[in-house]
Amino acid sequence: MTKKYALEGLKVLDFSWVFTGPIVTKYLGDHGAEVIKIESATRPDGTRLMTPFKPGAMGLNASGVFANYNSSKYSININLREPRGKEVVKKLVQRADIVLETFGPGVMTKLQLDYDVMKQVKSDIIMLSMTMVGQTGPHSQQPSFGQVLQATNGFVQLLGWPDRSPSLPVAAYTDYIAPWYVLIALMSALDFRRRTGKGQYIDLAMLEASVHLAAPMVMDYVVNGNIQDRMGNRNPGYAPHGVYPCKGEERWVAIAVATDEEWQALCKTMGNPEWTKSTKFETLLHRTEHQDELDKLIGEWTKNQTAEEVMAKLQAVGVAAGVLQTGEDLVDKDPQIKHREHFVELDHAEMGKHLTELPPFKLPKTPAYPQRPFPSFGEHTEYVCKDILHMGDDEFAELIGTGVLA
Amino acid sequence: VLDLTDDRGSFCGKILAELGADVIKIEKPGGDPSRNVGPFYKDIPDPKKSLSWFAFNLNKRGITLNIETRDGQEIFKRLAQKADFVLETFKPGYLDKLGLGYDDLSKVNPRIILTSVTPFGQTGPYSLFNSPDLINMSMAGYTFICGDSDRPPVRFSSDQSYMQSSLQATVGSLIAHYYREQTGEGQHVDVSMQESMIWTLCYAPHDWYLLKQIIHTREGSFWKRLGVTYRLIYPCKDGYVCYRLLMAQPGAEVMNDLIASMNKEGLGENMKDISWTTLSFTEVPQEKINEWEAEVGKYFLRHTKLELHEEAVRQRNVLQPVNNAKDLYESPQLASRDFWVQVRHPELRESITYPGSYFRSTETAWQKGKRAPLIGEHNDDIYIKELGFSRDVLAILKRENVI
């Protein structure tokens, strides 16, 4: 079987930055699309300045997070305020299938590069604008960022303990919902274009997309007046259901028991200690009513074993258990992750070795794989102008000299 | 689209259905056990009244079919001949054993895309693990970084690994679809819930790979990085808000407007005359940050989420409310975009509010609502009208517990 890229030949012009947009175009690029990332000499993608950096490496080409989210792309620096910069953009639009941008509402119009302009240049262009709450509405002009915006989606208040204030996900959770919806919208728009010949403009709001994951919770309020709240590690239908201490510093194992058969298997694995025979723990209902005590007793059993041992013993008898893995476990140890080749080690001319992720789905006939590591800042300005747009040497030199390109 | 998924994957078919695909949910005779997943309409536990089922099966048609019978398998293959996608969440190997795996289905329809969503993927040492959401979240490294430092780590009180992997399954299916439309070839899309959640971590793998450090543990309402801790979640009068002091960045001058509001209430005297745009987190001592955060916190405690958010919108500051279901439903932003839709449920004699379109397009529409199917609601449509079975045959299939 010859393996090919699924999206070979697709051309994407990418004005997006930070996390959400770049993740979208990384997915497209790692599946074979040509992605041209537009930055400017005065405005690099802010993720280039985010930690962690490669030790010893400096500047705009050393961020681990940027490296992860920008494999397979070309980087070109264009001053979009310059009329001749806009001309370069329009030449790129002429040959593109998709334009993605994540500026605030109205910015592309001010730059005279909105959909009306793009459509004039290429009638069947697909352009998608992704913003936090949409192009319109009373909050559309409020500046914000993912770390804060994630609080609005309904899930942050579901993370943590009922007697404490909510916990905040370390990485903005909405930034990891929106990319999948943007990809779904773009792939569907390509299908629509194939069937009808028509392009389209799409206004996609991160907030609206993420509320879809909360649908039953909102319906529970509208229909029943219930406001769901965080429950620590409780989960109706399971008991025990929790996280237990293990041997070592900050080592934990998660255990979730749904059925009485699983409970019996857990008891047997624990060596059927006397306490398990108590009627307090006999059925799901009883166990649910005595969960605090149950958690303490199970914790006594787990604390002298490694998390890996507990997981192996319990999974061997069909009880759901798993290590609370850390970055170290994921990158260096987990044999499943290695088997699936989730992380790929790439070598970048400046940064050297770094990791990038592959999608969590495998397409056996068209496996995703980076075409090349992330681009250094402005690395492909010359390549894009001369090799892709066939710009003459004199014109290119002039545009560099006048600061239109960098 | 033939949708064999349980509650862990039904979101995927729902996303395709709202884009206009004809998604047929295939349940066991008697109904899918995920109809018993709450919450329930009027809090009545009843397989016909699950709000989760309603939400994640919107716009689908529904039939019953027992694919563990020989006739069921034959009928499924006939359906697969005309299908573009099959979605499933069984244990790896289950469909193969029934003669309905990818190899079998691609023989009757080489264009078919089979999308399988499982905790760890189809193969590998953990592929047969028993792994509900808590285990997926933990194995993905997500639980480890959530919660308060003085208590064990926690998971979201909501099955996010199912949601995330359903979204990824949709993306993978549509990329495979693009390729299929160019080449005529389908394939087997193999989705891992663990890897779907790893995608949401951002820092942890790179902190380890590049620095050999585990930086984030459980920081509760705070965020710690680069040696600085700052508060992100603050209690307010009626709940919580999310805010971060702005320093050393364009736009940080809006701090002065917030401080002016605080001054009117006798707060924030210690925050006057500071050049917020040029300050840096790493240059300001932690005690100073704590002191400012405590002062801002006093102001937030006197006001509601809504008041604080409205003020932030006016001042172009970044504060956001920590929304619960009620806040989302009452959001003026969502209302202004006519986000919510009403879907008729004739059996309940009412309409229920659902989230509506997450995109606005110049050409294409989000499919507005037909409620989720009743058990076997479209058996006649599909078995009689589309597959051409007679009523007699249908009666026999029913007697034999095939449908």
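Me: Is the crossing of α1(A) and α7(A) left-handed or right-handed?
Reply: This is a predicted model: local features need pLDDT of at least 70, side-chain atom pairs count only at pLDDT 80 or more, and totals for chains, interfaces and linings use all residues. Residues are numbered from 1 along each chain as its sequence is written, while chains are lettered from A and ligands numbered from 1 in the order in which they are written. A crossing is left-handed if the near helix is turned anticlockwise from the far one by less than a right angle, and right-handed if clockwise. The crossing of α1(A) and α7(A) is right-handed.

Me: What is α1(A) in orientation to α7(A)?
Reply: Helices (H or I, at least four residues) and strands (E, at least two) are DSSP runs, numbered from the N terminus; axes are lines fitted to C-alpha atoms, for helices over the stretch in contact, with angles from 0 to 180 degrees between N-to-C directions. Angles under 35 degrees count as roughly parallel, over 145 as roughly antiparallel, 65 to 115 as roughly perpendicular and the rest as oblique. Helix α1(A), residues 20–30, packs against α7(A), residues 178–196, at about 50°, with axes 9 Å apart. That makes α1(A), relative to α7(A), oblique.

Me: How many nonpolar residues are in the contact of α1(A) with α7(A)?
Reply: Residues are in contact if their C-beta atoms, placed from the backbone, lie within 7 Å. Ala, Val, Leu, Ile, Met, Phe, Trp, Tyr, Cys and Pro count as nonpolar, Asp, Glu, Lys and Arg as charged, and the others, Gly among them, as polar. There is one polar residue and no charged one; the nonpolar count is seven.

Me: How many residues of α1(B) are buried?
Reply: A residue is buried if 20 or more other C-beta atoms lie within 10 Å of its own, exposed if 12 or fewer, and partly exposed in between. The buried residues of α1(B) include Phe11(B), Lys14(B) and Glu18(B). The helix is largely enclosed by the rest of the structure, because its buried count, out of nine, is nine.

Me: At roughly what angle do the axes of α1(B) and α7(B) cross?
Reply: α1(B) passes α7(B) in a right-handed crossing. Phe11(B), Cys12(B), Ile15(B) and Leu16(B) make the contact from the α1(B) side. The axes come within 7 Å and cross at roughly 45°.

Me: Which element gives the most to the side of chain B that touches chain A?
Reply: In the interface, 124 residues of chain B are in contact with 122 of chain A. With 15 residues, the element of chain B that gives the most is α7(B).

Me: How many residues lie between β10(A) and β11(A) in their hairpin?
Reply: Six bridges join β10(A), residues 343–348, to β11(A), residues 352–357, in the antiparallel sense. Val344(A) has Thr356(A) as its bridge partner. The number of residues between the two strands of the hairpin is three.

Me: Which residue of β14(B) stands opposite Ile202(A)?
Reply: β6(A), residues 200–205, and β14(B), residues 359–361, pair in the antiparallel sense over three bridges. Opposite Ile202(A) stands Ser361(B).

How values were computed:
Two residues are in contact if their C-beta atoms, placed from the backbone, lie within 7 Å. Two strands pair if DSSP finds at least two bridges between them.
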